[in-house]
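Hello,

Here is the structure I promised to pass on. Have a look at it first, and then read on below for what turned up when I went through it.

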Amino acid sequence: FFSLSLSLSLSLSQAQDKYQYRHTSCNRDALHLARDEFKEALITQKNDWIHKKLSGLNVKQCSLFWAQYRRLFMAGEENFIGCLENNDGALLHTNREKEEVLFQTFFAGQHLTQASFDDARTLR
């Protein structure tokens, strides 16, 4: 497995280098072929690893394995916004309060007050 993945990784790296050096259709096709081979080998090895891990496990152990697998390998959303502070200095905890402050700040234009900019008439 290791020698196969190493050789595929090296061929993919060489194909990327060739295509970055010279953008020709032949180099592009070679890059796509190397990517596809690498992806197929990766998926095959991943499936083999999963089958080895799951062989001989009971239902409880399988469900625990899949929960850990999803937590580690599945893409999650990283849309977390910490506590915000309002004008009074109080912390805003709920998503609704945070949404209102962000909307008022960036879309309603409250950050564009005349006091925050230099008066253009005084620069002339």
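This is a predicted model: local features need pLDDT of at least 70, side-chain atom pairs count only at pLDDT 80 or more; totals for chains, interfaces and linings use all residues.

Let me begin with Trp49, which sits in helix α2, the helix running over residues 25-54. With a relative accessibility of 40%, Trp49 is classed as partly exposed.

The mean pLDDT of the protein is 80, and 79% of its residues reach 70 or more. Among the elements, α2 has the highest mean pLDDT, at 89, while strand β1 (residues 84-85) has the lowest, at 79.

The overall layout

You will find four helices and two strands in the protein. Following the sequence, they come in the order α-α-α-β-β-α. Of the 124 residues, 10% are buried. The protein exposes about 11,000 Å², and 56% of that area comes from carbon and sulfur atoms. If you take the contacts between residues at least 6 apart in sequence, 14% of them join residues at least 24 apart.

More on helix α2

Does the length of α2 agree or disagree with what its residue count predicts? The 30 residues of α2 should span 44 Å at 1.5 Å a residue, and the C-alpha atoms at its ends are 43 Å apart, so the two agree. Just after α2 comes Gly56, which takes a positive phi of about 85°.

Several side chains of this helix are hidden from the surface: Asn27, Leu31, Ala34, Ala41 and Ile50 are buried in α2. Asn27 has a relative accessibility of 16%, and the cut-off for buried is under 20%, which is why Asn27 counts as buried. Leaving out neighbours within four places in sequence, Asn27 is in contact with Lys18, Tyr19 and Arg22.

Phe38 is another residue of helix α2. Its relative accessibility of 26% makes Phe38 partly exposed. Which residues does Phe38 touch, not counting those up to four places away in sequence? They are Ser5, Leu8, Ser9 and Leu12. For Leu12, the C-alpha atom is 7.3 Å from that of Phe38, although 26 residues separate the two in sequence.

Now to the charged side chains. In general, side chains of opposite charge can pair when their charged atoms come close. The count here comes to two salt bridges, and Arg96, Glu99 and Glu100 are linked by salt bridges into a network.

One of the pairs is Arg96 with Glu99, whose closest N and O atoms are 3.4 Å apart. Both of these residues lie in helix α4 (residues 95-106), three residues apart, or about one turn of the helix. The other pair is Glu100 with Arg96, where the closest N and O atoms are 3.6 Å apart. Glu100 and Arg96 are four residues apart in α4, again about one turn of the helix.

A last stop in a loop

Finally, look at Asn87, in the loop that joins β1 and β2 (91-92). Is Asn87 buried or exposed? Its relative accessibility is 83%, so Asn87 counts as exposed. Asn87 and Val101 are 14 residues apart in sequence, and their C-alpha atoms are 9.7 Å apart in space.

Best wishes

Technical notes
Residues are numbered from 1 along each chain as its sequence is written. Side-chain values use heavy atoms; hydrogens and water are left out. Buried means under 20% relative accessible area, exposed over 50%, partly exposed in between (1.4 Å probe, protein chains only). Contact means heavy atoms within 4.5 Å. Accessible areas come from the Shrake-Rupley method with a 1.4 Å probe; for residues, only the protein chains shown count as cover. A salt bridge is a side-chain nitrogen of Lys or Arg within 4 Å of a carboxyl oxygen of Asp or Glu. The expected span of a helix is 1.5 Å times one less than its number of residues. pLDDT is the predictor's confidence in each residue, from 0 to 100.
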